[in-house]
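I opened this notebook to record what I looked up in one structure. The entries follow the order of my search.

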Amino acid sequence: LLPKNTQDLQQILSRIGAGSESTIVSAVLRRYRPLSDAILDSVCETGPSPAEATLNYRTRTLALQTPTTTPSSTMEGFKTIQEAVRQCNPGDDTPTVAHVCKFTSTNRSSVTDPDLPPLPPDADPSSSNMIMGIARVLSGILRTEDVEYYMFGPRHNNASEDNIPKQRIRCYLLMGSSFVRVNSVPAGHICAIYNLEALQLKTVTLCDRRECMPLHGFDFGLQPLVKVNVEPVSASDTETLERGLLKLSLADSSVEVTATAKGERILACLGEIHLEQSILDLENVYCENNIKLRISDPITSFCETTDWFDNEGDFDSFLEGKSPPLRQATIPPYCDEEGLGYANRGRCRAILSGRGAAISMRAIPLPRSVYDCLRGKELIEGSEDDLITVGKALKCSNDETPLTAQLVLDVLVESLDAIDGNGNALLESSALSNGYSVKAVKSVNGEVYVPQKENGKKNEEEKAAVLEGLGEYQTAQQFLRRGLACVADPSENDGSANADAMALQKWRQDMRGSALAGFQLAMRAGPLCEEPVRGVAVILESVEIAVKNSDNGTKCCNIAKDLTGGMVVAALRSGVRCALLTRPARLVEDHLRLTLHSSMTGLGSLHAVLSKRRGKVVTDDMVDGTDLIQVTATIPQAESFGLAPELMKKSSGEVTAPELVFSHWEVLDEDPFWIPTTEEEREDYGQNLQTGDLSTGLDNNALKYIRMVRSRKGLLVDSSKIVVAAEKQRTLSRKK
């Protein structure tokens, strides 16, 4: 009872020994108004009822997805279910709908169910774990084992109604850490559901009618940051590991488990602490025989891109200029790329298998602002300089028309063929789209022109066969000098209009779609370390197709060789990779945004650790009412592993553990293949090592990451070359 007078209050205060006013108030409230009871009462008084929340507050989250194409009879049944969910109707004749938002693991001893079959005496203790789905009943009455419910996954498509799984369930009431079986649960209540583990879904919507659709659900905006490869020490435990990974992914909605084509099992978690706890749960809880696991180092995601040449802004001089090949095109394993001999300074002429056709293309950097303009098809403020740079490199106007950002954007949008989500675009020059640079090559052997190395042993017939198609090749190359917005004169027709028209029809009908597939395939894996390509524009410039005269004696021509879609896909993929290898190579790394609090004494060590890991401080503001500073910074993901322990150690506990979330992608401005060449560079950076290591011999982060990724994927690494006569003494210093 509450104290009625001052004497009762004095007795309570003397009993608890309270002295200050704040202590007195805390003691009285703790005794007569506990915090748990106050919060529960306030939630009950102010929180909306389930029916009111569905109607007014959670109208989108607690609503069903709308079917795309449905017959009228099925649509009427869906509208009935949708209205029942919106009203949160608990009637007996109402369609029953429940949504499982997450799964949790519990011990069998915490479940009160007399009908649950007991474990055999010799059963493993870890098999006593049960996976329970936490669900909210949206309409109707959810019953135990009386009804077979349809299970709708989050990606259910109403077109696949014949494959909807059905399952009987067992309902449990949540009583603290215990689960008590109940026969039915009405709408508006939360319960636990058992017997959903075999579905392998993280969220599922249950309904007793097949016309239902899954719930919209929640999007928390979190994505896993730390990925590792998990494999058992013994190959016989592989099946046990897979079952354990399935249970872990169901029990923890933040965990993602994926299997690659190479047989890797990738476990992705939100952070290092989350990863450690997930591995412990996997070993001790979800794997039945407590198997031994082999965990790889954290896997870091990278992307590949390219950079501008120094004089690429001058289209004519860059096209005519000649320079030695870049270093990556001359050292293994990159120099072994098929078709690299037909590529130079970002341009490549890809020869199809059988030499029946050739496709010329060019790869250039695509700034993010230009990509956003292409995606929205409108000029964005702040993108003018990048558009002018791209316009000069592609010659988007003639000498008489001034080059403006809007003009460049109009030309790019008109030439756009495809655009993906990684900042890449496929363009088609005006000469190619209008058919000016599509040439039919009439040759005896049915092959296009392919440059050959000089060989004096060839006879005159062989030399003539080699030179077939040279004229068409040179004609197509002439159109490249006019830039992306090429305009041709009809008087330039060389007399082979019929054959060129047939070649153009072949390109548009059979080859163009395959070229798009080849572009998408090339963007998935770049030439440096087979990582996705980001921020690159590929321009298709010309096509040459070999033709031959018809056998019936007419002037008609036929395609000399069969050109399948697979040939075009393989040629374009190889051409894009070779074009990127002949340009300055760059890596793109993802950056994380970290937020932490530090005292004034811990700022020095904090900045030292961040600068060592290439981090950048964005803001540092004082927290009101405290002597702490809130610091927001960005750091590359590859440098974020082990950050929290190092901060705690260096600052002696003056800095809190950082909160890491994904921020953005950023180009690592380091050439992985740069070596010191001039006298000044050798004095500043040292002499290039020649001990079998084909690297620069410097602390190059980009090259280090490339080698790390290639080694993890099992690809050939340039530093793995065996040194010949390594035991011999050698001198690395230059002779004066």
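Predicted model: local features only at pLDDT ≥ 70, side-chain atom pairs only at ≥ 80, totals over all residues.

Residues are numbered from 1 along each chain as its sequence is written, and side-chain values use heavy atoms, with hydrogens and water left out.

**Entry: the whole chain.** I counted 20 helices and 28 strands in the protein chain; these are DSSP runs numbered from the N terminus, helices being H or I of at least four residues and strands E of at least two. Of the 736 residues, 43% are buried. Buried means under 20% relative accessible area, exposed over 50%, and partly exposed in between, with a 1.4 Å probe and protein chains only.

**Entry: nonpolar cores.** I took a nonpolar core to be a set of buried Ala, Val, Leu, Ile, Met, Phe, Trp, Tyr and Cys residues joined through side-chain atoms within 4.5 Å. The largest has 55 residues, and Trp-507 and Leu-540 are among those with the most contacts inside it. Helix α15 (497–524) is one of the elements that supply at least two residues of this core, and its ten residues are the largest share. I then listed what Trp-507 touches beyond four places away in sequence, including Ile-359, Glu-428 and Leu-540.

**Entry: aromatic pairs.** How many aromatic pairs does a search of the whole structure find? I found five. Rings of Phe, Tyr and Trp (its six-membered ring) pair if their centres lie within 6.5 Å; planes under 30 degrees apart count as stacked, over 60 as edge-to-face and the rest as tilted. Tyr-334 counts as buried because its relative accessibility is 3%, and Phe-673 counts as buried at 4%.

The rings of Tyr-449 and Tyr-473 have centres 5.4 Å apart and planes at 40°, so I recorded this pair as tilted. Tyr-449 is buried at 14% relative accessible area, whereas Tyr-473 is partly exposed at 22%.

Note on methods:
Contact = heavy atoms within 4.5 Å.
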